[in-house]
Amino acid sequence: MGTPDNSVNLELALRVGLKACRLGREVLLKYIGNLQNVSEKFQAGLVSEADKESERVISEHLRKNFPSIEFLGEESSFEGAKVQWQPAGMSGRWILDPLD
């Protein structure tokens, strides 16, 4: 969804990002009062199935619409994913903490 010069259409990115937020919100709302699995991240607080599922739904929507933009999610970075702190690629980076 980039432009010919590999830059990102920011208006489109905003619309896609807002839609991703709404999708993540729907996931979180269904878990209110219904959490079954809450665990502790090493020195980083608690994580629930609601956090993980909402991040998955959001990241799938973002990646589907902007596959060239890198993605860094709070929950996925604590599940064995190696996070390399380097400048974002030319198209940028989505950074996500779904519940907060």
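A salt bridge is a side-chain nitrogen of Lys or Arg within 4 Å of a carboxyl oxygen of Asp or Glu. With that in mind, I searched the whole structure and found four salt bridges.

**Entry 1: ground rules**

I am working with a predicted model, where local features need pLDDT of at least 70, side-chain atom pairs count only at pLDDT 80 or more, and totals for chains, interfaces and linings use all residues. I number residues from 1 along each chain as its sequence is written, and side-chain values use heavy atoms, with hydrogens and water left out.

**Entry 2: a pair inside one helix**

I looked up Arg15 and Glu11, whose side chains meet in a salt bridge with 3.1 Å from N to O. Both sit in helix α1 (residues 10-30), four residues apart, so about one helical turn separates them. I take helices (H or I, at least four residues) and strands (E, at least two) as DSSP runs, numbered from the N terminus.

Next I asked how open the two are to the outside. For this I call a residue buried under 20% relative accessible area, exposed over 50%, and partly exposed in between (1.4 Å probe, protein chains only). Glu11 is exposed at 55%, while Arg15 is partly exposed at 47%.

**Entry 3: a pair between two helices**

Which residue forms a salt bridge with Lys30? I found Glu53, with the closest N and O atoms 3.1 Å apart. Lys30 lies in helix α1 and Glu53 in helix α2 (residues 49-65), so this pair ties together parts that are 23 residues apart in sequence. Lys30 is partly exposed, with a relative accessible area of 48%, but Glu53 is buried at 18%.

I also checked Lys30 against Ala50: they are 20 residues apart along the chain, and their C-alpha atoms are separated by 8.5 Å.

**Entry 4: a pair between two strands**

Arg93 and Glu70 make another salt bridge through their side chains, at 2.9 Å from N to O. I see Arg93 in strand β4 (residues 93-96) and Glu70 in strand β3 (residues 70-73), so here too the pair ties together parts that are 23 residues apart in sequence. Arg93 counts as partly exposed at 25% relative accessibility, and Glu70 counts as partly exposed at 29%.

**Entry 5: the nonpolar cores**

I then turned to nonpolar cores, each a set of buried Ala, Val, Leu, Ile, Met, Phe, Trp, Tyr and Cys residues joined through side-chain atoms within 4.5 Å. The largest one has 12 residues, including Val8, Leu12, Ile58, Phe66, Phe71 and Trp94.

A second, separate core has six residues, among them Leu23, Leu28, Ala50 and Val57.

For contacts I use heavy atoms within 4.5 Å, and I do not count residues up to four places away in sequence. On that basis Ile58 touches Ala20, Gly24, Leu96 and Pro98.

Phe71 lies in strand β3 and counts as buried at 15% relative accessibility. Under the same rule for sequence neighbours, I found that Phe71 touches Glu55, Ser59, Leu62, Arg63, Ser76, Arg93, Trp94 and Leu96. Lastly, Phe71 and Gly92 are 21 residues apart in sequence and 8.8 Å apart in space, C-alpha to C-alpha.
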